[in-house]
Amino acid sequence: MSGARLGRVLVLAAAASLVLGACAGGGGGSSSGGDATTVKIGFMGDLTGENSAIVIPPRNGAKMAIAEYNAKNPKTKIELVEYDSQGKPDQATSLITKAVGTDKIVGLIGPAFSGESKAIGAQLEENKIPSISPSATNPGLAKNGWKYWHRVVANDNDQGPGIAEFLIKAKSPKKAFVLSDDQEYSVGLAEAVAKTFKDKGVAVETDKFAKDASDYSSTVSKVKSANPDVIVYGGYYAQLGRLLKQLRDGGVTAIVASGDGSLDAQLISGAGQAAAEGAVLACPCNIPSADVTGNLKTFFDNYKKSANADPAIYSTEGYDAATAFIKAVEGGNTTGEKIMDFLKTVNFEGVSKPIKFKDNGEPEANSIFIYQVKGGVLKLLGPSAEAKLEG
Amino acid sequence: MLQDFLNQILPSTVGGLVIGSIYALVALGYTMVYGVLRLINFAHSEIFMIGTFASLVLLTAIAPAAPATFGIAMIGTLLLCMVVSAIASGGAAVLLETVAYRPLRKRGATKLAALISAIGASIFLQELFALEIIPWLTDKPGRNQASAPRFVPRDELFHIGNAAVRLDHVIVIIAAVLVMIALDQTVSKTRIGRGIRATAQDPEAAVLMGVSIDNIVRVTFLLGGAMAGVAGALYLMEIENTVFNVGFVLGIKAFTAAVLGGIGNLRGALLGGIVLGLIENWGAIFLGSQWKDVIAFTVLVIVLMFRPTGILGESLQRARA
C-alpha cells in the first residue's frame, strides 16, 4: 500500500496533527503488575488518521495475540503500547524518541507504512530495538542495511510477478492486456506485470488513462480490438470499478485481475455485482474470509470475538508480528538485543504464512494471496502457488 | 498500426459522440454566461456535479422500482431524472449568481474579482460535497464515490461495421440534441431570448429599451444551469457513478469545447463538444488513452491559431432572430 494513499496522509492540517499527537501514545500507563515482570512492546501506525482503516486491523491482531499470551499467566507479561503516528514520518520520529527514552520498549510492531518506517529505521538501529512491520511493502526498506528491521509481508516487487505468474498458470494466456491509470503505484504495478508476462512469452498490449477520467470508451475499444485472454489493471478500486463496468458493458468477457490497491469491498459496489463477478485480486496480505478452515478459521473466530469485526487487511500479519515477539519473550529474552538474536532463528507456522526472516529482515515466505469476487463478496482462494480459480 | 486503426475507428467514434454530447451540454452554460456577462463561470463544473447528484438521489430513492428493461417506465425515469437534475442545477446556478456574482456586479467590481469569486465558489461546492453531503448520502466517511443503480439496459440496437451502438448511446445523443434545439429556439424565438441577445449585444442599450439586466442574467444562469443538469443526468445514466470532483476535468473539457466552437455561440458549443469528443477518442487510437487531454488541447491551440474566435466564431448576439 503505497503511493496515493500515503500521499493523502500528508495533506492533513498541521494543527490537527499537533492536537492529535498530544493524545497519541496514551495507552502507556503503569507497567508493574504483582510479582510478574512486564516488558513493553510498541505498536506504531496511523490509528486515527485518513488511512487508519488499514492499520486498525493489524493493531487488533497484535492486541489479540498479546491478550491470549497474557491470559496464560506467564512469568513475564507483555504490555502493548500504542503510538498513533497518523502515518506521518515526522510524528513517528518524535514518538519513537518517547518510546525508547521514556517507555523503554524492547520491540516495535510497525511502523505500518513505508514512509514512517524509513524515517525511524536509523533510530531503532541506534537503540537496538527490533521492529517487525505487518504492512510496510516498499521494496527499498530492506536495502538500508538495517539489522533490527523486519517485516512479515511480501514487498511490492513480489506482487506484479505474483499476479502474472498466477494468471499464466491458471489461464495459459497467449495475449494479455495490461491497463493502469497514471498514479505512481498503478504504473509501477502495471509495468512489473507486463514485464513478467513478456519474459514468459505472453504477448502484451497496454493502455493507460488519467486518474480522473471517467469515460473509458477508447480503452474499451482498444481492449475489444486486441481480444486478450487476460486483463490486468494496476491501480485502485475507484477507477477499476468504473473500468470493469464499462468493459463488461462493451462486451469484453476476459478475466480481469488487479492488486492490493483494488482489494476493497467498494470495488464491488462501484462496478456493480454483475460486472465485478469473477474479478481476481492479489495481495501480499492474507485476509481470511468466513469459509476458511484450520488455523485461519480459529483466527477468524477469535478475531471476530475480540475485535467485534471480521478480519480485515493485515490483521493476520499483525498477529504474526506480535507472535514473533511473544515467542522471544517466552524464551526468556527481555532486552532488545536478546530479542534480536532470537528473531534471527525464529521459525514457526504463523497464521498468515510461515514466519522466518532472511538476513535483511524480509520474510522467507513472500507469498502473494489470491482473492476472487464470488456472489458479490471477496473470497480468499489461498496463496498464489496453491490457489485455483473458480469458474 | 493500420489494423488497430481499422478495428478501433468505429467504436471510438461512437464513444466520442456520446462523451462529446455531454461536453456540448455543459459547454452551453459557459458560452451563455460568457456571452451575456463576459464572465467565465468557473463554478459551472460544480453545477454539473450537482446535477449528477440530483439524479443519483432520485435513482437511489426509487431503486427498487427502477426498471432495467426498455419501456415506458424507463423513459419516464429518464425524463424524471433530467427534469429533477435540471431544476437542481438551474436552481443552484441562480443561487450561485445571487450569492457569488451579483453583489460584486452591483459594486462595480472588476471581472478579475468575479473570476476569483467563481473559483472560490467552485472549491467551496466541491469540498461541501466531499466532506458533508457525499458521506451523508453514502453513509461512509471519506472522499468516496457514489454509485447509481442501472435503469437503462445496455441492449445493442444495431451495428455500424464492428461498432455496437447501444440503447444508452442513442439516448445520450438524441436527448442532448433535442435539448439543444429547444434552447436554440428559446434564445432565437422568444421574448426572453431576445432580451438575452440584446443584453449580449449592448447591455446599456438593452436597459434603455426596457430590458431588466438582473432578470436576464438570472435567466441566463438558469438556462445554462439546467443544461448542465441535463448533462449530469445523462452522465449518471451512462457512467453510473459520480464523485465530488466529477466536474473538474469535464468542466475544463466543456470550456475547451465552448472556445473551440466559438465562445458565446450556442451552435458552436454543440459543434465544439462533438469535435472534442471525437478528436480525443481518435487520437487515443494511435497514442494511447493517457494522451487524450494532450491531444484535445493541442487541437484547441492549432484551431485558435488559424481561427482565433473558434470554428463558428464568437457571439451570442449574432444568433439569428
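## Terms and model

Two strands are taken to pair if DSSP finds at least two bridges between them, and helices (H or I, at least four residues) and strands (E, at least two) are DSSP runs, numbered from the N terminus. This is a predicted model, in which local features need pLDDT of at least 70 and side-chain atom pairs count only at pLDDT 80 or more, while totals for chains, interfaces and linings use all residues. Residues are numbered from 1 along each chain as its sequence is written, chains are lettered from A and ligands numbered from 1 in the order in which they are written, and side-chain values use heavy atoms, with hydrogens and water left out.

## A hairpin in chain B

In chain B, strand β2 (residues 156–160) runs antiparallel to strand β3 (residues 163–166), and four bridges join them. B:His159 stands opposite B:Ala164 in β3(B). The hairpin of β2(B) and β3(B) has two residues between the strands, and B:Gly161 takes a positive phi near 60° there.

## The parallel sheet of chain A

Chain A holds an open sheet of five strands in the order β2-β1-β3-β4-β5, with parallel pairing. Because β2 (76–84) and β5 (149–151) of chain A stand at the edges with a single partner strand each, one side of each is left without a neighbour in the sheet. Neighbouring strands of this sheet are turned by 25° against each other on average, direction ignored, where axes are lines fitted to C-alpha atoms, for helices over the stretch in contact, and angles run from 0 to 180 degrees between N-to-C directions.

Strand β1 (residues 37–45) of chain A is joined to β2(A) by nine bridges, and A:Gly45 has A:Asp84 as its bridge partner in β2(A). Helix α3 (residues 56–71) of chain A packs on the sheet, where it touches β1, β2 and β3 (107–109) of chain A (contact means heavy atoms within 4.5 Å), and its direction makes about 165° with that of β2(A). Helix α5 (residues 114–126) of chain A also packs on the sheet, touching β1, β3 and β4 (131–133) of chain A, and its direction makes about 145° with that of β1(A).

## Salt bridges and backbone details

A:Glu82 lies in strand β2 of chain A and A:Arg59 in helix α3 of chain A, so the pair ties together parts that are 23 residues apart in sequence.

Most residues other than glycine have a negative phi, and most peptide bonds are trans. A cis peptide bond, however, joins A:Gly110 and A:Pro111, with omega about -10°, and A:Pro111 lies in the loop between β3 and α5 of chain A. A:Asn227, although not a glycine, has a positive phi of about 50°, and this residue is found in the loop between α8 (217–226) and β8 (230–234) of chain A.

## Where the chains meet

The contact takes 27 residues from chain B and 21 residues from chain A. Between chain B and chain A there are three salt bridges, and A:Lys245 forms a salt bridge with B:Glu240, with the closest N and O atoms 2.8 Å apart. The elements that give two or more residues to the side of chain B that touches chain A are α1 (2–37), α8 (213–239) and α10 (266–287) of chain B, and the largest share, six residues, comes from α1(B).

Note on methods:
Salt bridge = Lys/Arg side-chain N within 4 Å of Asp/Glu carboxyl O.
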